Amino acid sequence: MWCILSQKRSKANHFVANTMSSSLSSSSSATSIAAAMIVGLLALLAGSAQAQRTPTISYITQEQIKDIGGTVEFDCSVQYASDYQVLWSKTDVDPVFLSTGSTLVIKDSRFSLRHDPNSSTYKLQIKDIQETDAGTYTCQVVISVVHKVSANVKLSVRRPPVISDNSTQSVVASEGSEVQMECYASGYPTPSITWRRENNAILPTDSATYVGNILKIKSVKKEDRGTYYCVADNGVSKGDRRNINVEVEFAPVITVPRPRLGQALQYDMDLECHIEAYPPPAIVWLKDDIQLSNNQHYSISHFATADEYSDSTLRVITIEKRQYGDYVCKAVNKLGQAEARVNLFETVIPVCPPACGQAYYGGAEHLAATSFVFMTMLVAAVFTR
């Protein structure tokens with residue numbers, strides 16, 4: 001550059017000297033000499049300005065947002081860079097050079113480069129865009145080892161939501177405690193998170209849906225247990241969903257479908273109680289504060305209809321006089337206990353079920369008495385019509 005500048009200055013000086021010599025030999029006026037000097041000085045300044053022009057990037061494509069599988073093109077227009085290298089690179093954590101001048105460096109058939117000399121524009125194109133193509137692309141003019149001119153363009157790739165592993169998967173909490181469920185998802189644009197309950201049940205927030213990454217229940221109730229849905233959506237693909245099972249630990253609650261039951265002597269009768277509790281409770285039957293067990297007089301069975309529901313049945317076998325009275329169904333878990341009473345009383349007529357088709361255990365006298373009662377009832381029914 002300094003050589004060019006020196007040559008231009010030498011030419012200008014030579015031009016000024018010749019002009020002054022010509023003017024003196026022809027006896028020109030002082031005005032002509034001054035004019036010649038000004039012209040020479042302007043020529044010198046013009047040459048210096050031309051020599052000092054620095055390459056610049058006059059245009060670069062704005063940020064691009066594309067779908068996976070699409071195509072993107074980046075334009076980089078430069079000025080005063082005919083004698084310099086123009087580079088394209090992907091400048092993320094590990095920079096990757098893509099091209100130098102009009103030559104593509106990366107060996108990937110999805111990438112291509114075109115140079116338009118008329119506009120001095122370098123066009124970088126990427127086909128079949130992949131998720132890993134997202135990032136910052138840099139157009140750079142290398143002036144010297146320490147002097148570079150660069151401009152950046154960002155490529156964002158739309159990605160469907162994927163719920164992160166650090167989101168809540170299940171919850172077990174005691175009744176009355178606070179429950180917090182979290183749901184996070186990756187994707188572009190940033191997904192929105194919506195909460196729902198199974199069968200569109202109302203959320204503890206008193207609404208059918210809730211938007212946000214964190215769903216809080218300040219004081220959880222047993223009615224809040226069930227399946228919650230965390231739904232991530234950003235308009236790309238169908239979104240993503242996670243089912244979160246919420247278990248609420250609570251003390252037993254017992255209901256008795258028939259608190260009073262009658263049955264005749266020597267027949268069987270089933271006493272039932274329904275238990276709601278979590279964790280599943282220990283269930284026992286008592287009579288006169290004595291715990292009953294399976295033997296020739298009693299048969300006890302438990303059926304779990306769900307994690308929180310159990311049915312217990314006590315069958316009193318071939319009822320004797322001493323077996324009439326109050327029976328207690330009792331359930332206990334770590335959060336508490338509950339009990340309910342069932343009264344078994346004597347009747348003359350057997351109750352069906354469970355006495356249907358049952359053999360008679362009282363012998364002929366009991367059979368005769370029972371037949372007499374049935375006949376009496378039948379006659380009474382006929383005459384009352």
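In the predicted model, Cys 329 stands opposite Ala 340 in β26. The two strands concerned, β25 and β26 (residues 336-346), pair in the antiparallel sense over 9 bridges. They belong to an open sheet of 5 strands, which follow one another in the order β19-β26-β25-β21-β22, with mixed pairing. At the edges of this sheet stand β19 (260-263) and β22 (290-291); each has a single partner strand, so one side of each is left without a neighbour in the sheet.

Cys 329 is also bonded to Cys 273 through a disulfide, with an S to S distance of 1.9 Å. The torsion about this S-S bond is about 40°, so the disulfide of Cys 273 and Cys 329 is right-handed. Cys 273 is part of strand β20 (residues 269-278) and Cys 329 of strand β25 (residues 325-333), so the link ties together parts of the chain that are 56 residues apart in sequence. Both cysteines, Cys 273 and Cys 329, are buried.

Cys 273 is in turn among the residues touched by Ser 310. Ser 310 lies in strand β24 (residues 309-316), and its relative accessibility of 10% places it in the buried class. Leaving aside residues up to four places away in sequence, the contacts of Ser 310 are Cys 273, His 274, Ile 275, Ile 283, Phe 303, Ala 304 and Thr 305.

Lys 287 lies over the face of Tyr 327, at 5.6 Å from the ring centre. Another lysine, Lys 222, lies over the face of Phe 250, at a distance of 5.8 Å from the ring centre.

A search of the whole structure gives 3 disulfides. One of them joins Cys 76 to Cys 139, with 1.9 Å from S to S. The link of Cys 76 and Cys 139 is left-handed, with -75° about the S-S bond.

The link of Cys 183 and Cys 230 is left-handed, with -55° about the S-S bond. This pair bridges distant parts of the chain, 47 residues apart: Cys 183 is in the loop between β12 (179-182) and β13 (185-188), whereas Cys 230 is in strand β17 (residues 226-233). Cys 183 and Cys 230 are both buried.

The count of aromatic pairs in the model comes to 3. In one of these, Phe 74 and Tyr 137 are tilted, with 5.0 Å from centre to centre and 40° between the planes. Phe 74 in strand β3 and Tyr 137 in strand β9 are 63 residues apart, and the pair thus links distant parts of the chain. Together with Trp 88, Phe 74 and Tyr 137 form one aromatic cluster.

Key
Residues numbered from 1 in each chain as written. Predicted model: local features only at pLDDT ≥ 70, side-chain atom pairs only at ≥ 80, totals over all residues. Heavy atoms only, no water. Helix = DSSP H or I, 4+ residues; strand = E, 2+ residues; numbered from the N terminus. Buried < 20%, exposed > 50% of the residue type's maximum accessible area, 1.4 Å probe, protein only. Contact = heavy atoms within 4.5 Å. Disulfide = S-S within 2.5 Å. Pairing = 2+ DSSP bridges. Phe/Tyr/Trp six-rings, centres within 6.5 Å; stacked < 30°, edge-to-face > 60°. Lys NZ or Arg CZ within 6 Å of the ring centre and 35° of its normal.
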